[in-house]
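Hello,

Here is the structure I said I would pass on. My notes follow below it.

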Amino acid sequence: ERHLMAALSVGYLEVSEPPRTCAFDNCQLPRFVDPRTGIEHAYCGRTHAEAALAASGAQLAAPHGVCHTCALPGCGRPVCFDASTGRVHDFCGQTHALQAMRRGLHPTSNRGRR
């Protein structure tokens with residue numbers, strides 16, 4: 001039996017094994033797979049990654065540009081990361097976020113301006 005692991009912009013990546021589960025204790029959710037890069041992370045999401053690292057006394061690193069790059073086609077810069085909230089944005093900055101929304105490449109934000 002074949003399982004679909006990650007939706008990529010070019011289609012679906014098929015693998016012969018079921019998705020591996022989150023490395024967080026007692027979590028049976030599938031590991032997060034970045035849909036743009038296909039990179040599989042150890043946890044189902046940032047919440048479990050942060051909790052596991054906090055339990056070990058470490059902190060989650062800011063996005064590093066390998067799997068967290070700007071979603072605007074043609075831009076390879078690291079995404080904006082707000083360390084105070086832990087929020088990882090989809091773009092390197094507001095200019096690229098607005099360009100993507102104007103081009104219809106990204107839905108408009110459901111958050112108010114801060």
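R31 is partly exposed, at 22% relative accessibility; partly exposed is the range between buried (under 20% relative accessible area) and exposed (over 50%), with a 1.4 Å probe and protein chains only. The side chain of R31 forms a salt bridge with that of E40, at 3.4 Å from N to O. A salt bridge here is a side-chain nitrogen of Lys or Arg within 4 Å of a carboxyl oxygen of Asp or Glu.

Before the rest, note that this is a predicted model, in which local features need pLDDT of at least 70 and side-chain atom pairs count only at pLDDT 80 or more, while totals for chains, interfaces and linings use all residues. Residues are numbered from 1 along each chain as its sequence is written, and side-chain values use heavy atoms, with hydrogens and water left out.

Salt bridges

The whole structure contains 2 salt bridges. E40 also pairs with R20, with 2.5 Å between N and O. Both R20 and E40 lie in the loop between β2 (11-15) and α1 (46-55), so their pairing ties together parts 20 residues apart in sequence. Helices (H or I, at least four residues) and strands (E, at least two) are DSSP runs, numbered from the N terminus. R20 is partly exposed, with a relative accessible area of 46%, and E40 is partly exposed at 22%.

H96

H96 sits in helix α2 (residues 94-102) and is buried, at 13% relative accessibility. Its side chain makes a polar contact of 3.4 Å with the side chain of R77. A polar contact is a pair of N or O atoms within 3.5 Å; within protein, one must be able to donate a hydrogen and the other to accept it, and residues adjacent in sequence count only if both atoms are side-chain atoms. Setting aside neighbours within four places in sequence, H96 is in contact with C70, L72, C75, R77 and F91, where contact means heavy atoms within 4.5 Å.

G86

G86 is placed in the loop between β3 (81-82) and β4 (87-88). With a relative accessible area of 18%, G86 is buried. Which residues does G86 contact, leaving aside its neighbours within four places in sequence? They are R46 and F81. R46 is 40 residues from G86 along the chain, and the C-alpha atoms of the two are separated by 8.8 Å.

Regards
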